[in-house]
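Welcome to a short tour of a protein model. Have the sequence and the picture ready, and take your time with each stop.

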Amino acid sequence: MDKEKLVLAVDLGTTNIKSGIINKKGKILSLIQKELPLEKDNTGKAEHAPEVIFNIFAETIRETTKGYEDKIGILITSSYMFGVLPLDKNMKPLTGIITLLDTRTKEIFNELLKEVDFKEVYKRTGCPPLLYYPFVRIYWLKKKHKEIFDSAKFYLGSKSFLIYKLMGELYTEPSIDSSTQLLNIHTLNWDPYVLDFLGISYENLPQVVSADKILGKLPKSTLNLLGLKGEVLLGVGLYDGGAVGSGIGALGGDGIGVINIGTTAMFRVPYPKVVFDDPQKMRIQVPYFFDGKWFPGGGINNAGIILKWYRDNLFNLSYEEQSKIAKDIESDNLFFLPYLTGERNPDIGSIASGVLFGLRPHHTKAHIVRAGMEGVSYIIRMLYETLRELGIEVKEVRAGGGGTKSDTWMQILADIMGLEVAVTRVEEPALLGSAVLGFTMLGEFSSYKEATEKLVKIEKVYSPNKEKKEYYNKKFEFFVQLTHNLKEAFSMHNQL
């Protein structure tokens with residue numbers, strides 16, 4: 001391989017797209033970010049217009065690669081989970097790409113809960129009963145928009161749509177389709193039980209291949225569209241959270257728990273076999289990750305969005321100012337349940353809302369900010385405790401994302417979890433994670449572990465304060481109980 005060949009990584013999110021060129025030392029040589037328009041209305045619709053999204057994707061790449069047009073060796077994409085796009089027999093989109101933020105499936109979800117055995121679905125797919133999955137979206141189309149369902153020949157996700165536009169072929173990979181509730185987590189192929197229930201077949205879905213499969217060289221027409229020269233390979237790549245996990249260090253060894261704190265958050269642990277929660281509880285998701293490992297744990301709807309809400313609606317304080325005022329105080333028995341946009345915990349789900357509990361006259365904005373950081377950290381610990389209960393050992397924790405810029409928050413997280421938290425502070429972990437795959441696929445590294453060791457650097461380690469262990473254990477137990485006790489109130493409030 002030409003030593004000057006670089007990795008072009010693109011991360012397609014729900015609200016933004018990022019494109020970066022990375023060298024084999026992990027340095028980002030060029031970076032472009034653009035906002036993505038979301039089509040919304042008062043019905044709960046939240047869709048991406050497919051051609052608009054792809055045009056922005058291509059434009060972003062053209063801008064990123066100026067001056068590097070002939071130096072790209074491989075293109076790797078990561079993209080958001082939960083997206084679904086129905087197309088007709090001529091590959092014409094019948095809707096937009098329905099995103100995670102779309103809530104229209106609320107109108108049929110209770111009906112679906114009665115019609116399908118979700119315990120069986122969980123055992124097969126690793127997905128608890130939530131209204132975000134493409135399985136639920138397709139059922140909704142069948143029940144409420146039968147003309148679309150009857151015309152649909154193919155169902156693509158955000159990544160498989162990009163691959164189709166780039167290569168003209170239908171491919172997908174297990175990490176992103178672990179969030180469809182259509183993929184059997186044991187066979188890593190489409191599940192006949194859920195397909196039969198919906199009335200669709202394998203022919204309606206893209207072929208599932210490994211995330212590190214090289215699909216071939218980009219066609220000349222695609223190279224021209226993207227402004228690239230020479231031979232550029234296309235690798236399949238991971239879903240966005242998987243790429244973030246790789247960029248934080250998830251492929252660096254066994255027992256590494258990965259936390260990403262951005263607008264949302266996640267806590268997951270790569271594990272060499274499928275591990276399920278009790279089907280009565282279904283507290284964790286069990287997606288496939290990569291390289292013979294699954295990725296048990298969960299996503300969290302509300303993380304950095306809490307500090308943004310504080311900034312924009314309450315205190316007019318920057319993230320740095322919030323971190324500073326919360327550093328040297330205790331929240332003093334003030335609890336914030338940070339469920340502003342609902343939560344992925346199936347026990348409370350989309351009906352949950354934010355709660356400030358225990359408020360007294362002496363509490364200040366500093367107490368409220370700290371309670372918010374603690375609330376997010378308690379949710380992460382809830383996932384951690386569930387994984388421990390299921391026998392998954394976490395030897396170390398690595399954290400990335402914008403939230404890691406706050407020393408205050410990272411120390412709170414270490415204290416609440418009782419574990420050392422190693423922070424990579426990678427500016428763009430999803431892009432770096434794709435580069436870990438890309439350079440290994442190009443033969444620059446002998447393994448993903450070696451690539452991780454070379455590209456992912458730990459900047460700082462936060463150690464838990466032993467004196468705070470009992471203090472936070474009691475507060476954590478109360479937070480869990482409070483969430484549980486408010487379930488009925490959430491349900492009643494949701495029906496007002």
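By how many residues are Arg124 and Glu120 separated in helix 3? They are 4 residues apart in helix 3 (residues 118–125), so about one helical turn separates them. Helices here are DSSP runs of H or I with at least four residues, while strands are runs of E with at least two, and both are numbered from the N terminus.

Before going on, a word on the source: this is a predicted model, in which local features need pLDDT of at least 70 and side-chain atom pairs count only at pLDDT 80 or more, while totals for chains, interfaces and linings use all residues. Residues are numbered from 1 along each chain as its sequence is written, and side-chain values use heavy atoms, with hydrogens and water left out.

## Salt bridges

Let us stay with Arg124. This residue forms a salt bridge with Glu120. The term stands for a side-chain nitrogen of Lys or Arg within 4 Å of a carboxyl oxygen of Asp or Glu. Arg124 also meets the side chain of Asp191 in a salt bridge. Asp191 lies in the loop between strand 12 (189–190) and helix 8 (192–198), and Arg124 in helix 3, so this pair ties together parts that are 67 residues apart in sequence.

| Salt bridge | N to O distance |
|---|---|
| Arg124 and Glu120 | 2.9 Å |
| Asp191 and Arg124 | 2.9 Å |
| Arg283 and Asp277 | 2.8 Å |

Are these residues buried or partly exposed? Buried means under 20% relative accessible area, exposed means over 50%, and partly exposed is in between (1.4 Å probe, protein chains only). Arg124 is partly exposed at 23% relative accessibility, and Glu120 is partly exposed at 25%. Asp191, in contrast, is buried at 0%.

How many salt bridges does a search of the whole structure find? The search finds 31. Salt bridges can also link up into a network, as they do for Glu39, Lys45, Glu47, Asp102, Arg104 and Arg137.

## Strands side by side

In strand 8, Ile98 is the bridge partner of Glu47. Strand 5 (residues 46–48) and strand 8 run antiparallel and are joined by 2 bridges. Two strands pair if DSSP finds at least two bridges between them. The open sheet here has 3 strands in the order 4-5-8, with antiparallel pairing. Its edge strands are strand 4 (39–40) and strand 8, each of which pairs on one side only.

Now move along to strand 17 (residues 265–268). Which way do its residues point? Ala265 and Phe267 point one way, Met266 and Arg268 point the other way, and all are buried. Strand 17 forms a hairpin with strand 16, with 3 residues between them. The two run antiparallel, and 4 bridges join strand 16 (residues 256–261) to strand 17. One of the partners to look for is Ala265, which is bridged to Ile261. Strand 17 also pairs with strand 20 (residues 297–300), again in the antiparallel sense, over 4 bridges. There, Met266 stands opposite Gly299.

## A loop worth a look

Where does Ser178 lie? Ser178 is in the loop between helix 7 and strand 11, and at 4% relative accessibility this residue is buried. Its side chain reaches the backbone oxygen of Pro174 at 2.7 Å. Such a polar contact is a pair of N or O atoms within 3.5 Å; within protein, one must be able to donate a hydrogen and the other to accept it, and residues adjacent in sequence count only if both atoms are side-chain atoms. Leaving aside neighbours within four places in sequence, Ser178 is in contact (heavy atoms within 4.5 Å) with residues including Thr125, Cys127 and Tyr288.

Gln181 is found in the loop between helix 7 (174–177) and strand 11 (183–184). This residue is buried at 0% relative accessibility, and its phi is near 65 degrees, a positive value. Most residues other than glycine have a negative phi. Met91 likewise has a phi near 65 degrees. Met91 sits in the loop between strand 7 (85–87) and strand 8 (97–98) and is buried, with a relative accessible area of 16%.
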